Amino acid sequence: MTEIGAASDRWETLLSQSVEHGELRALDLHLAFWLARVAGGAQPERLLAAALTSRASAGGDVCLDLAAAHNRRVGSSLAPLYPSSVDEWRLSLRDWAAVGAPGEHSPLVLDAADRLYLGRFWAYEQAVAERIRVLARSWVAGINNDLLRAGLARWFPHTVTGTVDWQQVAAAVAVLKQFAVISGGPGTGKTHTVA
């Protein structure tokens with residue numbers, strides 16, 4: 001057996017054992033090996049990145065943050081498959097035919113912030129972000145301003161003259177805009193404002 005063949009067998013063994021340890025799913029490995037077959041480049045760090053990206057999506061994440069994943073390698077049965085640095089990982093992935101840049105149609109997408117996406121999840125995220133941008137720029141048509149003022153005065157009667165009642169502003173924006181986000185820490189009045 002050649003040295004490359006022996007190394008390949010070791011990678012496959014480590015990846016297979018990761019399923020037994022619950023670090024990856026069989027589906028994650030299937031994706032990684034399928035990408036290696038169709039795109040070539042079956043280096044361990046590439047297989048690992050593909051499998052971890054698949055696993056991240058199953059866990060509710062839209063992408064794999066390479067730096068965060070690299071930091072979590074300690075104690076992992078997959079640790080020997082990680083490259084020595086995130087820079088090395090990024091370079092290896094950029095040279096892989098399975099990985100494209102944002103906007104390219106490819107199975108995996110690596111963005112400028114070292115986040116690796118399944119291609120379709122990158123496209124979904126972009127579509128949602130664009131829709132939010134459009135809605136956030138849009139005003140609701142046909143609002144009766146007198147009725148809005150009266151409602152705001154009724155629901156927020158304690159505004160001190162000369163001060164800004166940010167809850168009142170948030171409520172007004174939520175009525176006037178197609179899309180609004182109301183945020184704040186505990187007890188700041190988010191629920192009151194929304195109500």
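Which residues does His-70 touch, not counting residues up to four places away in sequence? Let's find out in the viewer, keeping in mind that this is a predicted model.

**Stop 1: His-70.** Select residues 66-71, which form helix H4, and pick out His-70 within it. Now show its neighbours: leaving aside residues up to four places away in sequence, His-70 touches Tyr-82, Pro-83, Ser-84, Ser-85, Val-86 and Trp-89. Zoom in on Pro-83, whose backbone oxygen lies 2.8 Å from a polar atom of the His-70 side chain. Is His-70 buried or exposed? His-70 counts as buried because its relative accessibility is 4%, and the cut-off for buried is under 20%.

**Stop 2: helices H3 and H5.** Trp-89 is one of the residues that His-70 touches, and Trp-89 also leads us to the next stop, as part of the contact between H5 and H3. Select residues 44-58 for H3 and 86-94 for H5; these helices pack at an angle of about 90°, with their axes 9 Å apart. H3 is therefore roughly perpendicular to H5. To see the contact itself, show Glu-45, Arg-46, Leu-48, Ala-49 and Leu-52 on H3, then Trp-89, Ser-92 and Leu-93 on H5.

**Stop 3: Phe-33.** Finally, select residues 26-39, helix H2, and highlight Phe-33 there. Beyond residues up to four places away in sequence, Phe-33 touches Glu-12, Leu-15 and Leu-47. Draw a distance between the C-alpha atoms of Phe-33 and Glu-12: the two residues are 21 residues apart along the chain, and these atoms are separated by 9.3 Å.

Conventions:
Residues are numbered from 1 along each chain as its sequence is written. This is a predicted model: local features need pLDDT of at least 70, side-chain atom pairs count only at pLDDT 80 or more; totals for chains, interfaces and linings use all residues. Side-chain values use heavy atoms; hydrogens and water are left out. Helices (H or I, at least four residues) and strands (E, at least two) are DSSP runs, numbered from the N terminus. Contact means heavy atoms within 4.5 Å. Axes are lines fitted to C-alpha atoms, for helices over the stretch in contact, and angles run from 0 to 180 degrees between N-to-C directions. Angles under 35 degrees count as roughly parallel, over 145 as roughly antiparallel, 65 to 115 as roughly perpendicular and the rest as oblique. Buried means under 20% relative accessible area, exposed over 50%, partly exposed in between (1.4 Å probe, protein chains only). A polar contact is a pair of N or O atoms within 3.5 Å; within protein, one must be able to donate a hydrogen and the other to accept it, and residues adjacent in sequence count only if both atoms are side-chain atoms.
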